[in-house]
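Subject: Structure handover

Hello,

Here is the structure we discussed. Please open it alongside these notes.

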Amino acid sequence: LWKEVCYLRDGRMCQVQKIFPMTAPHNEILQVDHCISRDNKQFHLETRNGTVVCSSCNASKSWNTKSTGKLIDVIVKTREGSYYDYMVQEDLKGEPFLAFKTAEYLTETINNLNELKKKYEAKKNGS
């Protein structure tokens, strides 16, 4: 559901290729990248932390190619504004996110994701 919402928001296109078209190479295999590592459970299912990229960009980032990671950071910061800064600051704290495995957190997250999905589907359909 998290990935589906990110795909709807980003129009099923590599955002690095869309915003920085001169970067290369790209491919058609799409994935959703976590700007803040998935290890930080506070932002693991946060759509503002996810960005659709092609597998070439995702692999490049995971190979520690700083330029791709920085481009994704710029994309998220531009899209999310001050929330990006909040995520970075919270991540730097390195505190565990204990609510991640609770039923209440997961239920609320699923409800929020379903609402976002409806919003992006309506926007896509022009209603």
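A salt bridge here is a side-chain nitrogen of Lys or Arg within 4 Å of a carboxyl oxygen of Asp or Glu. By that rule, the whole structure holds 8 salt bridges.

Some ground rules. The model is predicted: local features need pLDDT of at least 70, side-chain atom pairs count only at pLDDT 80 or more, and totals for chains, interfaces and linings use all residues. Numbering starts from 1 along each chain as its sequence is written, and side-chain values use heavy atoms, without hydrogens and water.

**Salt bridges**

R9 pairs with D10 at 2.8 Å, N to O. Buried means under 20% relative accessible area, exposed over 50%, partly exposed in between (1.4 Å probe, protein chains only). R9 is buried at 18%. D10 is buried at 7%.

K93 and E90 also form a salt bridge, 2.8 Å from N to O. They sit 3 residues apart in helix α5 (residues 82-93), so about one helical turn separates them. Helices are DSSP runs of H or I, at least four residues, numbered from the N terminus. E90 is buried, at 16%.

K118 bridges to E115 at 3.7 Å, N to O. K118 is exposed at 52%, while E115 is partly exposed at 48%.

**Helix packing**

α3 (residues 55-62) packs on α4 (residues 66-80) at about 115°, axes 7 Å apart. Axes are lines fitted to C-alpha atoms over the stretch in contact, with angles from 0 to 180 degrees between N-to-C directions. C57, S60 and K61 of α3 meet T68, G69 and I72 of α4 (contact: heavy atoms within 4.5 Å).

Best wishes

Key
Helices (H or I, at least four residues) and strands (E, at least two) are DSSP runs, numbered from the N terminus.
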